[in-house]
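Good morning, colleagues. Please take a moment to look at the structure on the screen before I take you through it.

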2 protein chains.
Amino acid sequence: MKEVTLKQIAENLGISITTVSKALKNYSDVSKKTKALVKEEAKKLHYKPNVFAVNLRTKESKTVGLIVPEIVHHFFSSVINGIVEEAERKGYLVIILQSNESYKLERKQVDLLISKRVDGIMISLANDTVDTSHLLEAMEHDIPLVMFDKISKLVKCSKIIINDRQAAYNATKHLIDSGCKNIAHFRGALLPQNSIDRFLGYKKALEDHGLKYDSSLVYMCERVDYEDGRRAAEQLIKDAKKVDGIFAITDMAAVGAMTVFKEHGIKVPEDISVMGFSNWFLSQAITPALSTINQPGYEMGRGTFKLLRKEMKAKKAGIPFEPQTKVLETFVVKRESTK
Amino acid sequence: MKEVTLKQIAENLGISITTVSKALKNYSDVSKKTKALVKEEAKKLHYKPNVFAVNLRTKESKTVGLIVPEIVHHFFSSVINGIVEEAERKGYLVIILQSNESYKLERKQVDLLISKRVDGIMISLANDTVDTSHLLEAMEHDIPLVMFDKISKLVKCSKIIINDRQAAYNATKHLIDSGCKNIAHFRGALLPQNSIDRFLGYKKALEDHGLKYDSSLVYMCERVDYEDGRRAAEQLIKDAKKVDGIFAITDMAAVGAMTVFKEHGIKVPEDISVMGFSNWFLSQAITPALSTINQPGYEMGRGTFKLLRKEMKAKKAGIPFEPQTKVLETFVVKRESTK
């Protein structure tokens, strides 16, 4: 169907575009009769006002964009929930895009959001994003930008994160305090900052407590999911390593590992302690209930939108905005999978 | 930043807009020198071609819209994954919106997608959507539309569903076949078709097998989630009903119930059998592993995009398109939570 414009309605009725526009908006200086005529013609032609077009007065579209590496990922799900709830409360619609951990796709999606004239962009980076020119471009277009969780230190925008290194240190220390001497780490991909930081926190905790770091006890979980956890645990069993504790980069990887141990008759925590990361809502429902690090996804989501809104408001008011970095608290949650 | 146009570049260089456009597209009838000049000026001005604007020749934007009631919901997560993967394979970007089970929001989101000129819309309805005029409006705008899972029979568009009544019948029959005589049902909200159908399937299976239907054994799980399952199970225990089996509307509600039983020392399946619905990937990782109905979310997602693409292709070719309804197969998955 061809897009119907105000002009067409005006031409059909032989009146001015301004009158048509005013009639549709119920202005008082247009007669009831004209209003009725205009509305009837608009209905007949299936005229659709572009309600989400950029408001020329306020220059706002009241839509914001959100790019996440993975939607199904339980941590990002919580973040999305927090963002959407906070945005709805303030009357914003959220356009969500999934980069699928691909830099190429992420770049295209930032372009899409710029071209769709969103009021702001929130993003957690794909694993292979090194170049950040697409984000600088959004900022050059004067679009407020907030990064969360997987960030780049090179981009001068607002950020909301946790202290991954400290949290991983505490997770590993919890295993050490409970008596573990040979602790393996199921780590994430090589590039993302949070994966690097969690690895470094693990290593530092070993060294600070007189345990030798052994690189052969570090297993790769590229997608940090259930299947990856299963694979790493199977490899660990095959390697016949003397291991009495595991610090897994995510709860999902930890749950995958525990399933494999169960299948092999290896008892958790008697034979091996398992520590997760993120405190997924079901980590307490599995048997044994998973010890983990509480990573506040929902709060991160709400905080992300709040930071974005601060900047959008400053922009609207013409006030310079200084990017802020917010670090959320984490803590150890002791359950049954550790001694 | 002000939007830079081709016109501005042309004016700055004192050449025609057509030449600027051709130069940026590397047309052979523009000299190398002019191309270099134009590109330099474009870069200087931060000119951004609107790559996602509707292509005037093909009339395509290569973006499609997806509205789901809830993103975090594990079944919808699988559907989203299927849609996004299939769409990416065909070069489409997917704009995802979460209606949060609200008709009001869903309506706004359909308007947004129409105004953003998407090539097609995929939707699973909110629980309280009764009026479907917003969907008819999308169709009047000649935008291909596919409904999945939570559909309305009133809208004449393509649909992809399962036979919820039959699947629920089979789930209940599985409980009956394993010896259950007093079977409770944790049902979903009153309105959505799939919630009604699953309830009717449960009721029919009881009646067909000589078991009396007892409305006091039907518990409401409004949001069909883990917390709802917990609440319903707690109420069941409080009511001191003689129940030896439960058919829960979702795996999440079933897992919630099992957690409560565990806390109360009620053994599954010895004291009570539990049957879920949807075969969430972790239903095999919990203890006892959950018996359930396999509901193919990922396949539904892929099928949804494929149906949409069929219609988009027909539209592009100017061929009339007859809406199709696809019913996907389900089956009982027997694990440890039933006898």
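Predicted model: local features only at pLDDT ≥ 70, side-chain atom pairs only at ≥ 80, totals over all residues.

Through which surface do the copies meet? Of the interface residues of chain B, 100% are also interface residues in chain A, so the copies meet through the same surface.

Let me turn to a pair of helices within chain A. Helix α2 of chain A covers residues 17-24 and helix α3 of chain A covers residues 32-44; their axes come within 9 Å and cross at roughly 90 degrees. Angles of 65 to 115 degrees count as roughly perpendicular, and α2(A) and α3(A) are therefore roughly perpendicular to each other. On the α2(A) side, the contact is made by A:T19, A:V20, A:A23 and A:L24, and on the α3(A) side by A:T34, A:K35, A:V38 and A:A42. Sorted by class, this contact of α2(A) with α3(A) has 5 nonpolar, 2 polar and 1 charged residues.

In chain A, the loop between α10 (251-263) and β9 (273-275) holds A:K267. Is A:K267 buried or exposed? A:K267 has 10 C-beta neighbours inside 10 Å and so counts as exposed. Its C-alpha atom is separated by 9.7 Å from that of A:P288, which is 21 residues away along the chain.

Thank you for your attention.

Technical notes:
Residues numbered from 1 in each chain as written. Chains lettered and ligands numbered in written order. Axes fitted to C-alpha atoms, helices over the stretch in contact; angles between N-to-C directions. Helix = DSSP H or I, 4+ residues; strand = E, 2+ residues; numbered from the N terminus. Parallel < 35°, antiparallel > 145°, perpendicular 65-115°, else oblique. Contact = placed C-beta atoms within 7 Å. Nonpolar A, V, L, I, M, F, W, Y, C, P; charged D, E, K, R; others polar. Buried ≥ 20, exposed ≤ 12 C-beta atoms within 10 Å, placed from the backbone.
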